[in-house]
Amino acid sequence: MAVDVKVICCIGAGYVGGPTMAVIADKCPHIEVNVVDLNKNRIDLWNNSDLSKLPIFEPGLKEVIKRCRGRNLHFSSLIEENIKRADMIFISVNTPIKTKGIGAGKASDLKWVEASARQISKFAKKETIVVEKSTLPVRTADTIQQILKESELNNKNKKFSVLSNPEFLAEGNAIKDLENPDRVLIGGVDEESINALKKIYLNWVDEEKILTTNLWSSELSKLVANAFLAQRISSINSISALCETTGADIKEVSLAIGMDSRLGSKFLAAGPGFGGSCFKKDILNLVYISEYYGLKEVASYWEQVVAINSWQNKRISKIILAKLFGTLAKKKIGILGFSFKANTNDTRESPAIRICKDLIEEGGSLYIYDPRVSLEQIESDLGLKNNYQGNLTGDLGNWSYCKKIIDTFEGADAVLVLTEWDQFKDLNWENLSKLMRHPSWVFDTRGIVDTVEAKSCGLNVWQVGNGE
Ligand code: NAD
Ligand code: UDX
């Protein structure tokens with residue numbers, strides 16, 4: 001299908017659709033890029049003249065938006081019009097885990113993808129390339145093609161070609177990942193459509209980095225890439241527990257094994273367990289697909305990667321409880337960081353949620369500080385209102401929102417580092433220790449605290465994987 005792409009539409013203005021389209025618009029000023037979403041509030045935030053109000057925090061995003069928005073990048077709720085005008089449509093909608101019915105808890109919920117395909121089928125008027133940008137179970141393109149086929153039969157002017165072009169960006173590093181990707185993967189059948197998409201990327205990506213495959217390899221590679229990454233985190237986290245009991249130090253072990261070039265040094269930092277919207281859902285989806293094809297052993301192998309992750313979350317709260325004499329009633333615990341990792345305001349599947357809920361359940365009073373996560377977001381994640389008085393009211397667990405780091409330390413029995421924000425890396429332990437109620441603890445799940453310094457200031461320190 002020979003399509004000269006002048007107008008792009010992206011369905012879904014989320015963590016992937018927004019930054020991805022912003023970078024395409026930035027690198028291709030000759031292409032008009034329209035990002036649409038059902039969520040009017042999200043579109044309004046993308047259009048807000050105050051760039052600090054963008055719905056997503058991502059280093060470097062503001063600058064790209066400033067350059068392109070209103071020039072060749074537009075955010076809109078007008079889905080029909082923008083689909084009609086587009087030569088190429090990216091589907092970048094959410095694909096969470098199904099919560100009920102067959103496959104609940106594992107399979108992807110594809111209702112938003114199907115709805116997008118139906119919108120395209122209804123509103124597109126001409127030859128259109130449809131690109132799967134969302135992470136999807138292998139063979140989803142079959143479904144999309146079937147939906148589109150119907151409208152092709154009813155209208156001769158309409159013709160569709162479906163491509164898979166999964167997104168590999170990591171939040172917090174999205175703009176850099178998009179501007180300088182390790183690879184771009186394009187799966188498809190129709191050579192001309194593949195080349196049309198390739199031509200867009202060639203505006204800034206080297207040809208050797210653009211990999212073209214069949215549709216199914218492309219769809220499956222995305223799930224497998226995330227599963228392999230997550231597997232490293234579960235592996236290193238399982239060893240962190242062994243280090244703690246044997247006197248080994250996980251940082252030394254990571255360094256030693258990471259220097260083997262066959263393994264490599266990245267993605268070996270032990271922590272409170274992986275979070276984010278992708279890993280758990282994508283691995284469980286892989287588990288579901290394996291079960292569907294009767295591959296029981298394959299399914300249970302990958303399921304264990306997720307199981308170790310939940311075990312690591314639980315392990316942290318158990319350690320805190322044990323060190324604080326088995327009870328958290330009337331104790332204040334400062335929480336440093338709530339997002340699932342640094343440099344993002346995203347809290348989806350953040351280990352902080354599970355761990356904070358456990359500590360509240362034990363009767364602890366949590367004082368939570370995160371530089372980017374809002375009070376409302378934490379309320380929604382914990383399912384519990386902020387305790388505005390911020391005082392230790394009794395044995396019932398509660399939480400208070402802190403605007404300043406120092407507020408988490410005032411009178412605290414312990415502080416718990418859950419996210420590796422830079423500002424937590426060089427805290428003045430000498431001054432902060434004086435604010436706490438002694439004996440006091442620092443629990444560092446990210447391995448960023450200088451334990452020698454903190455201990456020299458009279459603090460007890462527990463650090464993940466540190467068995468000294
Ligand atoms: P998100 O929830 O932030 O954004 C999805 C958006 O799609 C929402 O704003 C929603 O309102 C909109 N939407 C849903 N159905 C729609 C419809 N029919 N018409 C118009 N808008 C619609 O999700 P996300 O984090 O951007 O993820 C999107 C996809 O990309 C998922 O499949 C995810 O697995 C994949 N992915 C995510 C990341 C990441 O780091 N977040 C990285 C790579 C891939
Ligand atoms: C991930 C993939 O990296 C990305 O390629 C894919 O497109 C989407 O899913 P993301 O979820 O944004 O990206 O974050 P990532 O940086 O991969 O981190 C995932 C989780 O693993 C975080 O909770 C992080 O704290 C944790 N992690 C990561 C570790 O605990 N240790 C590490 O060494 C690396």
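**Note on a pocket and a ligand site**

1. The lining of the second largest pocket is made up of 11 nonpolar, eight polar and 10 charged residues, where Ala, Val, Leu, Ile, Met, Phe, Trp, Tyr, Cys and Pro count as nonpolar, Asp, Glu, Lys and Arg as charged, and the others, Gly among them, as polar. This is a predicted model, in which local features need pLDDT of at least 70 and side-chain atom pairs count only at pLDDT 80 or more, while totals for chains, interfaces and linings use all residues. Residues are numbered from 1 along each chain as its sequence is written, and ligands are numbered from 1 in the order in which they are written.

2. The second largest pocket holds about 750 Å³ of space, a volume being the space filled by probe spheres set on the grid points. Among the 29 residues that line this pocket, Leu54, Pro55, Ile56, Phe57 and Asn345 are the closest to its centre.

3. Around ligand 2 there are 19 residues, of which Glu171, Lys222, Ala269, Lys341 and Arg446 come nearest (a residue is near if one of its heavy atoms lies within 4 Å). By class, this shell has 12 nonpolar, two polar and five charged residues.

4. Which residue has a polar side-chain atom 2.8 Å from an oxygen atom of ligand 2? That residue is Lys341, whereas for Glu171 a polar backbone atom lies 2.7 Å from an oxygen atom of the ligand, and for Leu268 a polar backbone atom lies 3.3 Å from an oxygen atom of ligand 2.

Notes: Side-chain values use heavy atoms; hydrogens and water are left out. A polar contact is a pair of N or O atoms within 3.5 Å; within protein, one must be able to donate a hydrogen and the other to accept it, and residues adjacent in sequence count only if both atoms are side-chain atoms. On a 1 Å grid over the protein atoms alone, a cavity is a set of points where a 1.4 Å probe fits but cannot get out, and a pocket is an open set with protein on both sides within 12 Å along at least five of seven lines; lining residues have an atom within 4 Å of a point.
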